[in-house]
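Here are my notes on the model you sent.

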Amino acid sequence: MSAHAEEHFAGSNKLFVSIWIWLVVLTAIEVFLAYKPMSVVLMLTILMGLSIIKAALIVAYFMHLKFERLSLILTIVPMLVVCICLLFVFFPDSFRAAGMRYQFKEPPPVTTTEEH
Amino acid sequence: MSTEARAVHFPAADWDGGVHPYRVGHRKLGMWLFIVSDSLTFSALLMGYAYLRASNVWPTPFPFNPSILFATLMTFCLLSSSLTMVFGVSASSRGDKAKARKWILATIFFGVAFLVLHLYEWNHLIHDGLRPFSLPADWVTAFTSTDGRPPSPLFGATFFTITGLHMFHVFTGAIYLSVVAARVNKLKHEDVEISGLYWHFVDLVWMFVFPLIYILSVDVGGHLAK
């Protein structure tokens, strides 16, 4: 087992700093986009694309998965992606529910505080 | 040693026992499996938030200062803490325990900075009147749709649940790293690396919480200022 303990942690500090710079730049782009007028769907698509890139950078380099065995990557990643995609099954119901709400004209609950 | 040599020649022997098929220890594999299950927890919460948002009139109340400014600073803190953590793990792999401890303490510092900023921002929203199941009165008037449908009162429920669970992860991560920093001389390198996996995961979750909760809730039209 001593061979395992000696196993080096691949990746230089220079590499990690460049990954960090990429992550900060992508975050800055997200904040910039927040103030650009565009449709919610387009904004959501761009933001999720950027977030997936950021997540991939973190998993691959910071969490070191790029340097692990392929068998470990194949065990962890695909099933997670499939499970998350399965959650999209709820959206048709969400869109259906949008048409069913607001049938009653009750005022919504409002926080009452002493200041107001 | 003989099993290792056999594994090299016949990959199928990986699964015959006596070797680590993934070339990681069982503790590290355990942390990876925990991370997978925790990812599904956060995915389900974010999906629930998306479900509610898609089927309701949803308020977009966040001003640049303090909400977006603070959330961006918090993102910066978490990203920097990930960098210091990876430096710590790197130092630990070279056997430099003192440097590893120093970097882990820097990681804890950024984590605590994140918590302080987040609690300040929570406090600001609670002071404005945001509650799990009700909105501040001025949000309701500002975000009622043109055909008279009021905004969903569940904004606070999704906001406090998702950011609160994430905050709890940062909090437990800071405690976990404190223990690792205190015991770094006794721990094996792999144990330090495992604590790093957890910390990077907390950072990774925020990469989805930040755009979905904050960026998509920016008050672009300045409805609240009117």
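1. In what order do the elements of chain A run from the N terminus on? The order is α-α-α-α-α. Bear in mind throughout that this is a predicted model. The secondary structure of chain A amounts to 5 helices and 0 strands. As for burial, 16% of the 116 residues of chain A count as buried.

2. Next, the contact between the chains. Chain A puts 48 residues into the contact, and chain B puts in 51. On the side of chain B that touches chain A, four helices of chain B each supply at least two residues: helix 2 (26–54), helix 3 (64–93), helix 5 (137–143) and helix 7 (189–214). Helix 3 of chain B gives the most, with 12 residues. By class, this side of chain B has 33 nonpolar, 13 polar and 5 charged residues.

3. Now helix 7 of chain B by itself. This helix has 26 residues. From its first C-alpha to its last it reaches 37 Å, close to the 38 Å expected at 1.5 Å a residue.

4. Helix 3 of chain B packs against helix 7 of chain B. Their axes come within 9 Å and cross at roughly 160 degrees. Angles over 145 degrees count as roughly antiparallel, and the two helices are therefore roughly antiparallel to each other. The crossing of helix 3 of chain B past helix 7 of chain B is left-handed. By class, their contact has 12 nonpolar, 10 polar and 2 charged residues.

5. Helix 2 of chain B also packs with helix 7 of chain B. Here the angle is about 10 degrees, and the axes are 10 Å apart. Helix 2 of chain B and helix 7 of chain B are therefore roughly parallel to each other. On helix 2 of chain B, the contact residues include M31(B), I35(B), F42(B), L46(B) and Y49(B), along with the charged R27(B), K28(B) and D38(B). Helix 7 of chain B contributes residues including E190(B), D191(B), E193(B), I194(B), L197(B), F201(B) and L212(B). By class, this contact has 12 nonpolar, no polar and 6 charged residues.

6. An α-helix has 3.6 residues a turn, so residues three or four places apart point the same way.

Technical notes
Residues numbered from 1 in each chain as written. Chains lettered and ligands numbered in written order. Predicted model: local features only at pLDDT ≥ 70, side-chain atom pairs only at ≥ 80, totals over all residues. Contact = placed C-beta atoms within 7 Å. Buried ≥ 20, exposed ≤ 12 C-beta atoms within 10 Å, placed from the backbone. Axes fitted to C-alpha atoms, helices over the stretch in contact; angles between N-to-C directions. Parallel < 35°, antiparallel > 145°, perpendicular 65-115°, else oblique. Left-handed = near helix turned anticlockwise from the far one by under 90°. Expected span 1.5 Å × (residues − 1).
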